[in-house]
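I opened this notebook to record what I looked up, entry by entry, with the rule behind each term set down beside it.

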Amino acid sequence: MLAPSRDQAPVTDFLSSTPLTAFRRALARVLALLVGFGPLAAHAQAAGTAAVKPLVATVATPSASRPNAALRWTRLGNPRSPSLLQVPADCQVRSCPLVVVSHPRAQDAARLRDSAQVGKISQALLAADFAVLLSGDGGVNTWGSPAALREVAQVHREATSRFRWNSRTYALGLSMGGLLSLRSALPDSPYTVRGVALIDAWVSLRGAWGSALSRQREIGKAYGLTVPPTPTLDPLPLAQRLAPVAPLPLFLAYSPTDTVVSSRKNAELLIPKAEQGVSEIVRLDGPHLGGNRFSPQMIARLVGFYQGLEQRAIARQHKEFPPGLPAPAVQRAQTETSKS
């Protein structure tokens, strides 16, 4: 479970935490390394496929209240702000997409891993054959900074080398993580994102700067600023300018009664910019990151949003490369990887 964030309302079902003792952590690491990824290796060998880089498990301590912790997560990236990757077994033998999850303020990838609510999202995505990257985002309070985006791009490149990636990446931003997720979907991002889901998310950097002195200090440190950020650093006006030419595939979940992130100054400003036919707008009630954001119905809608984008991409690929003509999936994946 996640520890209480200074940027979040005290929602106990999402943000309470009981740390593991040092002994249990050490024991869990030993057991996880002993178990390893034998079943995945055997599956790949039986299928006669080329080997991929082995995944090294991190802490795996099952708990009824922490469903994500029972999964084997691979630690990637900078040790100061590590990211965690989980790959479905099938994605070692056939190509799969990736979802990059960006965390709330004062949190990190480990907190996402230990959250029962985020665990339900991860498990649903994995069951639908999406690889899941819980991003370290370059630190706990990076607010979608250019340095954070560059670090995530490096982790993205490493993550997509660990399984049979189909060249398509999607993003999910929670609260502060919305800034990085939205920024990653804009044209000059160092890696390509095909669709963005935002839950109670900040998307206006200048709005966050002006909302509280504590956020202003954190943003100033992350961006190296002593004055308000210019519009060129803010993903919201960039997305608004882009939308008439290339509207964004968006999943927006927000609450007008959220007292942490004003939906009127964030999510609602993106609604006119969402691509028609594939985007989904979900208006909720209740506090910031409340439990209804993680209900089975909401998670099914979120996963369905990504699945719809996958189906569209596959249909377009088949139209471009009809049956009988091989689609250069490997070549496309390599191109995306090199862009990262």
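**Entry 1: helix α7**

I began with burial and found that eight of the eight residues of α7 are buried, so this helix is largely enclosed by the rest of the structure. Buried here stands for under 20% relative accessible area, exposed for over 50%, and partly exposed for what lies in between, with a 1.4 Å probe and protein chains only. I noted the buried residues of α7 as Gly177, Gly178, Leu179, Leu180, Ser181, Leu182, Arg183 and Ser184. Helices are DSSP runs of H or I with at least four residues, strands are runs of E with at least two, and both are numbered from the N terminus.

The model is a predicted one, in which local features need pLDDT of at least 70 and side-chain atom pairs count only at pLDDT 80 or more, while totals for chains, interfaces and linings use all residues. Residues are numbered from 1 along each chain as its sequence is written, and side-chain values use heavy atoms, with hydrogens and water left out.

**Entry 2: α6 against α7**

I then looked up how helix α6 (residues 146-159) meets helix α7 (residues 177-184), and their axes come within 11 Å and cross at roughly 65°. That makes α6 roughly perpendicular to α7, a label given to angles of 65 to 115 degrees, whereas under 35 is roughly parallel, over 145 roughly antiparallel and the rest oblique. Axes are lines fitted to C-alpha atoms, for helices over the stretch in contact, and angles run from 0 to 180 degrees between N-to-C directions.

On the α6 side the contact (heavy atoms within 4.5 Å) is made by Ala148, Leu149 and Val152, and on the α7 side by Leu180, Arg183 and Ser184.

**Entry 3: salt bridges**

Counting a side-chain nitrogen of Lys or Arg within 4 Å of a carboxyl oxygen of Asp or Glu as a salt bridge, I noted nine of them. One joins the side chains of glutamate 218 and arginine 105, at 2.7 Å from N to O. Glutamate 218 lies in helix α9 (residues 213-223) and arginine 105 in the loop between β3 (96-102) and α4 (109-114), so the pair ties together parts that are 113 residues apart in sequence. Both glutamate 218 and arginine 105 are buried.

I also wrote down the salt bridge between aspartate 114 and arginine 113, at 2.8 Å from N to O, where both residues are buried. Another links arginine 162 with glutamate 158 at 3.3 Å, N to O. Here arginine 162 counts as buried at 13% relative accessibility, whereas glutamate 158 is partly exposed, with a relative accessible area of 27%.
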